[in-house]
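Notes follow in the order I made them.

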Amino acid sequence: MNTTASRKVSLAPLADTGETDPRSQRARAERMAVTPLGGGLYEVESQSDHTYFADLLGGRCTCPDHMMRGVRCKHLRRVAIEINEGRVPPPGKEAVECARCESTVFVDEQKADAIHFCDHCELHPGEAVIDRNTGDLMVVVKMPGYRADSVDVPGKDCTVAEYPANESYPESDPVVEVLYPIPTGLRPEQLKPSHLRRYSFPCSRLRRPEPPADQSELTDFSEISVE
């Protein structure tokens, strides 16, 4: 099955890097398609229309060159090249789509069913974000891994996706928990429940602020306790 997690790398040959070993040369020069199957096993479709299975962790391949000669064949080498160049997940990893931009992310196989984000889209605790609707500045508490259509708004008979201000954002959007910045200089005994109230937003409604021309104007929220 050619699923998201077993996406093929095209049959195109790779760029020549000056390899001198004949098998390494063929691994790059020949047209092959590599499909990760999980558990360190990869399917390799060769230029000759044969299909072989390469076990990268075990260093084994079902091709005649490896089976008869016991050598590290061009198929094992091609799999290693595709991994090293970031087109195929390494053993123990699986390719999934970023929940926000749909780019490919390599994650642990055991956690592939969870919601994942690429480095660009993931928001981290303490990071400042801006509400696209109001322009308000807020601080990220966490990304709990739930969809906007599965999280209820406290005190409202609707989900985050159904909340009127969020109707223009995708129902499948991941939820981000945020709070408004605690006023500067506020002492612990002055804190009120309203200062620590968390709000759930669809991820697409939030954006990172533009960095100021003067970097000294940046506000550091990393010391704010958000748990």
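Predicted model: local features only at pLDDT ≥ 70, side-chain atom pairs only at ≥ 80, totals over all residues.

I began with R187, which is partly exposed, its relative accessible area being 45%. Buried means under 20% relative accessible area, exposed over 50%, and partly exposed in between (1.4 Å probe, protein chains only). R187 joins E189 in a salt bridge, at 2.7 Å from N to O. For a salt bridge I took a side-chain nitrogen of Lys or Arg within 4 Å of a carboxyl oxygen of Asp or Glu.

Residues are numbered from 1 along each chain as its sequence is written, and side-chain values use heavy atoms, with hydrogens and water left out.

Next entry: other salt bridges. I found 15 salt bridges in the structure. One of them pairs D21 with R77, at 3.4 Å from N to O. D21 sits in the segment before helix 1 (22–29) and R77 in helix 3 (residues 74–84), so this pair ties together parts 56 residues apart in sequence. Helices (H or I, at least four residues) and strands (E, at least two) are DSSP runs, numbered from the N terminus. D21 is partly exposed at 30%, whereas R77 is buried at 15%.

I then looked up R23, which forms a salt bridge with D65, the closest N and O atoms lying 2.7 Å apart. R23 is in helix 1 and D65 in helix 2 (residues 64–69), so distant parts of the chain, 42 residues apart, are linked. I also wrote down a network of salt bridges that links R28, R78, E82, E85 and R87.

Next entry: cysteines. How many disulfides does the count come to? I counted zero disulfides, a disulfide being a pair of cysteine sulfur atoms within 2.5 Å. C61 is in no disulfide, and the nearest cysteine sulfur, in C73, is 3.7 Å away. C61 is buried at 2% relative accessibility, and C63 is buried at 1%.

Last entry: strand 3. F53 is found in strand 3 (residues 51–55). F53 is partly exposed, at 35% relative accessibility.
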